[in-house]
Amino acid sequence: MAEKNKPGNNFILQAGILAAAGIISRIIGLLYRSPLDSIIGEIGLGYYQSAYSYYTIVLLISSYSIPAAVSKVIAQKLGVKEYRNAHRVFLCAMLYVLVVGGAASLFLFFGAGLFVEEAAVPVLRILAPTVFIYGILGVLRGYFQAHKSMVQTSVSQILEQIANAAVSIGAAYLLVTITMGTVAQPDDMAERARRGIYGAMGSAMGTGAGVFVALLFMSGMYALNRKTIHRRIEKDRHSNVESYGSIIRTITCVVTPFILSTAVYNLNSSVNTKIYTDIYTGIRQLDSVAIMEKWGIFSGKALTISNIPIAFASAMASAMLPSVAQLTAAGKVDETCRRIGVAVKTTMLISIPSAVGLFVLARPVTKLIFPSSTADSLDQAGMLLMTLSLSVVFYALSTLSSTVLQGLGRLNTPIINAGIALVIQTLAAFGLLLFTELDLYSIAIAVTLYSGIMCVLNQWAVRRAVGYRQEIMGTFVKPAFAALVMGIAAWLVYEGLYIWCGSMVIAVIPAMLVAVAVYFVTLILDKGVTEEELRAMPKGYLIVRAARKIKLL
């Protein structure tokens, strides 16, 4: 496990490790979506995403916030070298997830019919045991994160996605082949729906298999560190040994706000699924299978792609939480504000150009990831991705600020802010769907509105909590200018190559490479980032070395 005095224990570096793993995991997730899409079709993606959204709700309420909550409580104990109490927190957290996760899995399995339409019930039931497994995995991840060691979590995320991809494709292929005799797309709509259901069931098996493989890996990592852990406990001379009952109460008091905050924060996805695939369909009397196919394009393609850059913000939040909790407990307000500022700027340096890149290259990026998409599907997914692009920046900021507020002890604030944003976005989604012809774009606009409101409310709350003020020019203005120059360059390169070769896939890859180079060159020339900030980034010394060679620094 990482020690506090090691140079590698910089939270930006740890966030970079976790972000790299998160991005690799999401890329793996996207790469397998293409062959999976060709097996189960957009209807299958729709059924899977519909079941997955309700699985996510139960997971959020029972287990999803466990890594962050465990990390916060254990980090506070480690900060004062109470190793015995830290390990007791770990054991009590494990007991908590065994009880709560087990109950949640049973509820989801037997109550599946309460959430989704009958066709998607088998998919949701296959996902149900994963809630229980994830809880145990979450405690182990939170334990290592509290020690400011993100490598174990990072590797487990990659292994999880590899297993998920392999089993999803394999299981979907077998189930579709056994039941349909072929993976070819049938002409009959009822047969396409049947194919989609079995394909979605196979994909759900992959989700569970991935979490189980990650659990095996994290269990192995804990076993390898067990002797070190017990040696620390034996050397602990603190007389204040908390009772298990007291620790359970502490965990419950910390976990509950974390759960509510995370659940409400992510509830908009399930609310939007219900609004579009159920309520909207009923009011307008639309064909449910056709609606599910369109929902597969939005949630399975456009929304999935837009979530990739947010992995960095999520990683930054996970890496920051133990530090903010320890600094807050020690009363070091100035250092807390400094770290928040560094984290926000680093996140914006990635999120702003990502949003611009997705807007400019939306259609070719979608084609790159989903090469088997039809022309109509590609056009719709590309336009939806352009509509969602701004939400990348808002979600990155709101994800980071929610975790900062939790680390500062303002556990209820993100819940209130998420609730306000959810009400407004739900009213907006209803209004746009019922009184305009925007259809799926109504949901994309509502998602962007939700993330924007959360961003503003959270930033205001952090400012009130610690008097924190974010520097504007270097954090937002200069990265936005560099991203604008990057976007123009990327569009020109892509359009020129596309005219020359006629292939979106061939044209988009050089355009993306040029975009990255133009962005960093513009940013450095405009003094939007300092050499010190570059060096603080993961592998930042390579960027500095390259910049020196071409006389940028």
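This is a predicted model: local features need pLDDT of at least 70, side-chain atom pairs count only at pLDDT 80 or more; totals for chains, interfaces and linings use all residues.
Start with helix H9, which covers residues 288-306. How far apart are the end C-alpha atoms of H9? They are 25 Å apart. The helix has 19 residues, and at 1.5 Å a residue these should span 27 Å, so the two values agree. H9 is also largely enclosed by the rest of the structure, because 16 of its 19 residues are buried.

Next come pairs of helices. Two packed helices are described by the angle between their axes and the distance between the axes.

Take helix H12, residues 362-369, and helix H17, residues 504-525. Their axes come within 9 Å. They cross at roughly 115 degrees. Angles of 65 to 115 degrees count as roughly perpendicular, and H12 and H17 are therefore described as roughly perpendicular to each other. The crossing of H12 and H17 is left-handed. On the H12 side, the contact is made by Arg363, Pro364, Val365, Lys367 and Leu368. On the H17 side, Met504, Val505, Val508, Ile509 and Met512 take part. By class, the contact of H12 with H17 has 8 nonpolar residues, no polar ones and 2 charged ones.

H12 also meets helix H13, residues 375-407. Here the axes come within 8 Å and cross at roughly 125 degrees. H12 and H13 are therefore oblique to each other. What is the handedness of the crossing of H12 and H13? The crossing is right-handed. H12 brings Ala362, Arg363, Thr366 and Lys367 to the contact. H13 brings Ala375, Leu378, Asp379, Ala381, Gly382, Leu385 and Met386. The residues of this contact of H12 with H13 divide into 6 nonpolar, 2 polar and 3 charged.

H13 has a further partner in helix H8, residues 244-284. The axes of H8 and H13 come within 11 Å and cross at roughly 165 degrees. Angles over 145 degrees count as roughly antiparallel, and H8 and H13 are therefore roughly antiparallel to each other. Their crossing is right-handed. Phe258, Ser261, Tyr265 and Asn268 are the residues of H8 in the contact. They meet Tyr395, Ser398, Thr399 and Gln406 of H13. The contact of H8 with H13 holds 3 nonpolar, 5 polar and no charged residues.

Is Thr273 buried or exposed? Its relative accessible area is 2%, so Thr273 counts as buried. Not counting residues up to four places away in sequence, Thr273 touches Ser50, Ser53, Asp278 and Trp295. Ser149 is 124 residues from Thr273 in sequence, and their C-alpha atoms are 36 Å apart in space.

Arg26 belongs to helix H1, residues 11-64. With a relative accessible area of 29%, Arg26 is partly exposed. Which residues does Arg26 contact, leaving aside its neighbours within four places in sequence? They are Asn307, Ile308, Ala311 and Ser314. The C-alpha atoms of Arg26 and Ser246 are separated by 39 Å, and the two residues are 220 residues apart along the chain.

Ser105 sits in helix H3, residues 83-110. Ser105 is buried, at a relative accessible area of 9%. Leaving aside neighbours within four places in sequence, Ser105 is in contact with Ala128, Pro129, Val131 and Phe132.

Most residues other than glycine have a negative phi. Asp439 has a positive phi, near 55 degrees, and is a residue other than glycine. Where does Asp439 lie? It lies in the loop between helix H14 (413-435) and helix H15 (440-466). Asp439 is buried, with a relative accessible area of 15%.

Lys527 also has a positive phi, of about 55 degrees, although it is not a glycine. This residue is found in the loop between H17 and helix H18 (531-536). Is Lys527 buried or exposed? Lys527 counts as exposed, at 66% relative accessibility.

Methods: Residues are numbered from 1 along each chain as its sequence is written. Side-chain values use heavy atoms; hydrogens and water are left out. Helices (H or I, at least four residues) and strands (E, at least two) are DSSP runs, numbered from the N terminus. The expected span of a helix is 1.5 Å times one less than its number of residues. Buried means under 20% relative accessible area, exposed over 50%, partly exposed in between (1.4 Å probe, protein chains only). Axes are lines fitted to C-alpha atoms, for helices over the stretch in contact, and angles run from 0 to 180 degrees between N-to-C directions. Angles under 35 degrees count as roughly parallel, over 145 as roughly antiparallel, 65 to 115 as roughly perpendicular and the rest as oblique. A crossing is left-handed if the near helix is turned anticlockwise from the far one by less than a right angle, and right-handed if clockwise. Contact means heavy atoms within 4.5 Å. Ala, Val, Leu, Ile, Met, Phe, Trp, Tyr, Cys and Pro count as nonpolar, Asp, Glu, Lys and Arg as charged, and the others, Gly among them, as polar.
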